[in-house]
Amino acid sequence: MSPEADPLTDAADRLPGYCRRCDTEFDPTPGTRQIFCSPRCADLARRRAPPPPVVKNCPNCGSEFTHEARVRQVYCSPLCRRDAEKTRDRERDELRARRPGEPLPNRPAIAVGTAMPALPPAPRPRTADALAPTAIRNCPHCDQPITIVALLATP
């Protein structure tokens, strides 16, 4: 081939390129395999498409709402989130304000016809005054009072 007919340097012999993203015609740079018309089109083509929005139900008010999939959103609005936090805090405070030995509120009832083995009554710790603070809490399993010392000393 003669040097005057070099296809890389002769712009008249080169075919135009078409951008794979925006489909516009462009003149590719000699000696490259250019497929995009500009760096901007190349960047946009490499980006992932955003995920579709997520549809959820608000646990506080029950209304349906949509949000971006990349954002972790539980409640439909800041107002619902604050209401749920207040309810949670109120329940936690009521549970903490319970005196030792009192039954847990909203304890599920045992189904009728279910045979439960009879347990001997748990010994009640002796206290001088019923309202005096003691190191006693209720067992989360049987709801009987148990001393903190017994919990720490038991292996």
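Two strands are said to pair if DSSP finds at least two bridges between them, and strands themselves are DSSP runs (E, at least two residues), just as helices are DSSP runs (H or I, at least four residues), numbered from the N terminus. By this rule, strand β3 (residues 54-57) and strand β4 run antiparallel and are joined by four bridges.

The structure is a predicted model, in which local features need pLDDT of at least 70 and side-chain atom pairs count only at pLDDT 80 or more, while totals for chains, interfaces and linings use all residues. Residues are numbered from 1 along each chain as its sequence is written, and side-chain values use heavy atoms, with hydrogens and water left out.

**The chain as a whole**

The protein chain contains three helices and six strands, and from the N terminus on these elements follow the order β-β-α-β-β-α-β-β-α. Of its 155 residues, 12% are buried, where buried means under 20% relative accessible area, exposed means over 50%, and partly exposed lies in between (1.4 Å probe, protein chains only). The accessible surface, computed by the Shrake-Rupley method with a 1.4 Å probe, comes to about 13300 Å², and 56% of it belongs to carbon and sulfur atoms. Contact means heavy atoms within 4.5 Å; among contacts between residues at least 6 apart in sequence, 13% join residues at least 24 apart.

**Strand β4 and its surroundings**

In a regular strand the side chains alternate between the two faces of the sheet. Strand β4 (residues 64-67) has F65 and H67 on a covered face, and E64 and T66 on an uncovered one. F65 in β4 is the bridge partner of K56. Six residues lie between the strands in the hairpin of β3 and β4, where G62 takes a positive phi near 85°.

Leaving aside neighbours within four places in sequence, H67 is in contact with P53, V54, K56 and Q73. A polar atom of the H67 side chain also lies 3.2 Å from the backbone oxygen of V71, and a polar contact is a pair of N or O atoms within 3.5 Å, of which, within protein, one must be able to donate a hydrogen and the other to accept it, with residues adjacent in sequence counted only if both atoms are side-chain atoms.

**Two loop residues**

R70 is found in the loop between β4 and α2 (78-97), and it counts as exposed because its relative accessibility is 62%. Not counting residues up to four places away in sequence, R70 touches A49, P50 and P51. The C-alpha atoms of R70 and P52 are separated by 9.6 Å, although these residues are 18 residues apart along the chain.

Most residues other than glycine have a negative phi. D23, however, has a positive phi of about 60° although it is not a glycine. D23 lies in the loop between β1 (17-18) and β2 (25-26), and it is exposed, with a relative accessible area of 59%.

**Cysteines**

A disulfide is a pair of cysteine sulfur atoms within 2.5 Å, and a search of the whole structure finds zero of them. Two cysteines are set out below.
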